[in-house]
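Here is a short report on the spaces inside a protein model and on its ligand. Look at the structure, then read on.

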Amino acid sequence: MDAAQVPTEEDLRAGCPCLWINPRLAPAADALAAAPVPADIGDAAEARFARCAPALARLFPELAASGGAIASRLVAVPRFAAALLDDSRAQGPLPRVLLKADHELPVAGSIKARGGFHEVLEFAEKLATEHGVLQAGNDSAALANPEARALFSRYRVAVGSTGNLGMSIGMMAAALGFQAVVHMSAEAKAWKKQRLRGAGVTVVEHAGDYEAAVAAGRAEANADAYSHFVDDERSVSLFAGYAAAAKELRAQLAAQQVRVDAHHPLLVYLPCGVGGAPGGIAFGLKRLFGDAVHCFFAEPTAFPCFLVRLAFPERPELSVYDFGLGQATQADGLAVPRASELAADAMRQLLSGVFTVSDSTLLAHLALLHETEGMRIEPSAAAGFGGLRWLLHSDGGQAYLARQGLQARAADATHVLWTTGGSLVPQEQFAQFLELAPALTAAGP
Ligand SMILES: *Cc1c(COP(=O)(O)O)cnc(C)c1O
């Protein structure tokens, strides 16, 4: 397959890693105007995180030091970048590669802290304001008071999840005093269920996939006026929480004297499940950096749901099962058969492309990051790493860079690899990932 073309149905069925370049990519200003959500959607979320920080600092000991801020580091990973690119690299300097360490996000241990915490806080603020527990204009420290807790204990917050969203919603909802219910799909790891139960969350296990877990949760919550269901396939509040990450990244780039403009492109590689998390972040970045930022989503070869949704726009009913895919994957956080319609709508003209990564590559990259930089991530979070090789070492990637006029700017480009989860993974489980990891040379492209 010429990787710059739409992969055919046969390519997808074969489960081969591929790079799909979005033929509908439009100027950022036009694409933002055509999107289903307002361009400044991340701003209100950012303000909410700031208002609620004092309450979070009181509710979670691990947030006391940061004053309740939900933020992650932006770190240079030169040893990792050299090792990742070395075996196939032509002469020339290494590109600047930074890692956005959302795997270290507190309490939830994944990128879901951004969207998930935001939606629970929005619901809590709304209830508390309606019931006079919060006064308009004040900060939201009162969300951690006994009065708020008594109010919240009458309400239920529910979610369907492959694991990490459940962790984020469950931990935050339980900490505020809500009845928290998490519907888990078959992929969900035992240690996540255990940890949630330990925090007082009700975990309902489903034999089916992620869609089935979401449907069950949605049906139960809709029947109950005291329930709020966090709908990963449709939620604007989750999307807004993710979008708020864009300003955090901009401030960190500025602090590290990294320029982003027409002459200094920014390429961002984001692991994708339903597309809400990477979609929100890409949307926020496009608003801040416009055409200077190029966003790529990464999916496991067994679950290319976002690729399928964008590459076959005239067939919205398609899921990965229609391609004979959906097999078990180590990337449990990305094991989603169908994309979020909201995220797909928002990304239709903003996303540069989608690439897929095999499980063996995910594990090899996970092991390489551990070996070179000592970081521990989960397989889903390693999905973005393949993007560096796709862009810099494949014909399709080179064609994209040439068309965008970026080839001559390679030395001035910055690549951001977004690591999305893993710091809570138990040691034994992480050791198993390392054991399963093949040597990198076997990994493509
Ligand atoms: C959920 C998740 C993603 C992707 O988020 P979506 O909103 O489902 O696209 C990426 N990485 C990890 C580790 C996740 O848990």
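The second largest pocket is lined by 14 residues, and Glu46, Phe49, Ile70, Ala244 and Glu248 lie nearest its centre. A pocket is an open set of points on a 1 Å grid over the protein atoms alone, with protein on both sides within 12 Å along at least five of seven lines; lining residues have an atom within 4 Å of a point. Two elements give two or more residues each to this lining: helix H3 (41-59) and helix H11 (245-255). H3 supplies the largest share, 4 residues. Helices are DSSP runs (H or I, at least four residues), numbered from the N terminus. By class, the lining has 8 nonpolar, 2 polar and 4 charged residues.

This is a predicted model: local features need pLDDT of at least 70, side-chain atom pairs count only at pLDDT 80 or more, and totals for chains, interfaces and linings use all residues. Residues are numbered from 1 along each chain as its sequence is written, and side-chain values use heavy atoms, without hydrogens and water.

| Residue | N or O atom in | Distance |
|---|---|---|
| Lys112 | side chain | 2.7 Å |
| Val274 | backbone | 3.0 Å |
| Gly276 | backbone | 3.2 Å |

The protein covers 98% of the 380 Å² of accessible area that the ligand has on its own (Shrake-Rupley method, 1.4 Å probe).

Terms used
Polar contact = N/O pair within 3.5 Å; in protein donor to acceptor, adjacent residues only side chain to side chain. 1 Å grid on protein atoms, 1.4 Å probe; cavity = no way out; pocket = protein on both sides within 12 Å on 5 of 7 lines; lining within 4 Å. Nonpolar A, V, L, I, M, F, W, Y, C, P; charged D, E, K, R; others polar.
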